[in-house]
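Visitor: Could you show me the model and walk me through its sheets, helices and rings?

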Amino acid sequence: MSCTVIRNVVLFTIDGQDRVYRDGTVVVRGDRIAAVGPSDQVGIPADASRVIEGGHKMALIPGLIDTHSHSSLLRGVTENYQLLDWLPRYQLEHRALTEADAYYAALLSYLEALKGGTTCVMDMYRFMHRCAEAAGDLGLRVNLVPYTADAPGKDFFETMESTRQLIESQHGSQGGRVRVWVGLEHLFYCSPQAYQTAIEYSRHYGVGIHTHSSEQKEEVEAVEQHFGRKPIHLFQQYGILGPQTAIAHCVWLDESEIQLLKDTGTAVCHCPISNAKLAGGIAPIPELLQAGIRVGLGTDGNISNNNLDMFEEMKLASLLQKVKHYDAAALPASTMLRMATIEGAKVLGLEQEIGSIETGKKADLVLVDLSGPNLMPLVWDCSPNGIEETNILWNLVYAARASNVHTVFVDGIPVIEAGQSTQLSEAKALAEIQAQTEDLLRRRDPFKATLTPVVG
């Protein structure tokens with residue numbers, strides 16, 4: 001079994017005590033963390049096959065977790081639309097989508113995610129057996145969530161039958177790094193029977209349920225007018241709320257809906273940049289956290305966000321709440337780093353395996369190079385109570401970006417080194433992705449005349 005030692009790093013454990021070691025060491029054996037602690041207490045085992053020296057200019061954090069994303073080959077092509085006008089244009093991609101498109105879309109998205117320190121992604125897309133292949137080629141940990149819709153005219157989404165097949169063929173594949181959940185596209189696109197089948201699959205296969213809701217004010221109003229209930233209450237009527245379910249967005253919630261999420265143990269995937277870009281609004285994250293609801297961060301994918309940088313996501317999530325509440329202390333850096341790691345793991349039901357740097361957990365680790373000008377200088381100081389404090393935590397959230405990531409481990413395997421994939425030729429992959437995208441755009445064009453509104 002291979003043994004890797006990462007030493008002399010600023011180590012953010014994100015454990016229950018949020019312990020930070022100014023000079024820390026982690027020992028990795030196989031795919032697990034074997035030892036964690038100060039470098040003067042954790043030595044180099046005699047059988048160590050590799051020693052990575054941080055030189056006190058690297059931070060080591062748990063792998064970041066993107067709890068809601070959509071792979072896509074498209075970026076910067078559907079701009080300046082609010083959600084309900086944006087969705088039909090986004091769906092043109094799905095009308096033309098092929099298995100090959102899905103593979104290259106996932107390859108592009110997963111490569112960007114890994115290079116930015118994201119080691120686990122909840123991806124909602126189509127033809128997801130090809131997404132599993134892409135994840136395997138890169139070494140990423142993924143939760144695959146097929147878009148499912150059964151409303152008339154929505155036959156360009158996945159079905160409950162294709163979801164069942166994906167669960168049976170891919171759940172637990174790629175060395176256990178691939179998991180499959182049941183996905184429901186939208187209340188207007190899914191029948192009550194679809195929700196019932198989702199519950200049956202969730203119980204039978206022991207998998208989660210993922211959907212979208214309450215992303216835009218006008219969307220919530222349309223749901224109320226059509227169904228006679230607010231979205232979260234309608235989910236409760238359909239029976240999908242519970243610890244097994246994670247709902248993306250949740251921007252427009254009233255107190256009764258927050259209470260329902262709390263009472264049922266339902267999780268929320270917060271996508272601040274996408275919600276801002278599509279003019280959806282600012283989600284009530286402090287209120288959700290105060291209620292004890294599990295909240296993770298998500299990018300929502302490159303087509304609605306334009307990048308998959310979870311460092312950027314942490315920063316804007318914090319800043320939006322400071323502006324909304326006129327409170328400079330709202331959602332501080334420590335809360336945001338936890339939300340991007342261990343809290344995201346809780347949303348996915350993986351907190352016993354990933355999300356923090358603790359002995360026995362999977363070795364999903366990210367080395368951030370602190371020597372770049374945007375992260376310098378490094379400051380250590382003693383607070384009045386004698387506790388050593390550093391600016392590095394704040395800079396990881398408010399100054400770092402994906403390009404500061406140096407090395408990424410998933411299951412103890414270095415899948416990114418010196419900012420480059422160790423698993424494939426990036427130049428070759430990106431050339432193939434460009435060619436595939438140009439072909440997709442040609443096939444997509446004829447569908448532009450078929451735009452239909454989401455509601456009505």
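**Sheets, helices and rings**

Guide: Let us begin with an open sheet of five strands, paired in parallel in the order β10-β11-β12-β13-β14. Strands here are DSSP runs of E with at least two residues, helices are runs of H or I with at least four, both numbered from the N terminus, and two strands pair if DSSP finds at least two bridges between them. This is a predicted model, where local features need pLDDT of at least 70 and side-chain atom pairs pLDDT 80 or more, while totals for chains, interfaces and linings use all residues. Residues are numbered from 1 along each chain as its sequence is written, and side-chain values use heavy atoms, leaving out hydrogens and water.

Visitor: At what angle do helix α2 and helix α3 pack?

Guide: Two packed helices are described by the angle between their axes and the distance between the axes. Axes are lines fitted to C-alpha atoms, for helices over the stretch in contact, with angles from 0 to 180 degrees between N-to-C directions. For α2 (residues 99–115) and α3 (residues 128–138), the axes are 8 Å apart and the angle is about 40°.

Visitor: What kind of pair do the rings of tyrosine 147 and phenylalanine 157 form?

Guide: Rings of Phe, Tyr and Trp (its six-membered ring) pair if their centres lie within 6.5 Å; planes under 30 degrees apart count as stacked, over 60 as edge-to-face and the rest as tilted. Here the centres are 5.3 Å apart and the planes stand at 65°, so the pair is edge-to-face.

Visitor: Is phenylalanine 157 buried or exposed?

Guide: Buried means under 20% relative accessible area, exposed over 50%, and partly exposed in between (1.4 Å probe, protein chains only). Phenylalanine 157 has a relative accessible area of 4%, so this residue is buried.

Visitor: And what kind of pair do phenylalanine 188 and phenylalanine 227 make?

Guide: Phenylalanine 188 lies in the loop between β10 and α5 (192–205), and phenylalanine 227 in helix α6 (residues 217–227). Their ring centres are 5.6 Å apart with the planes at 45°, so the pair is tilted.
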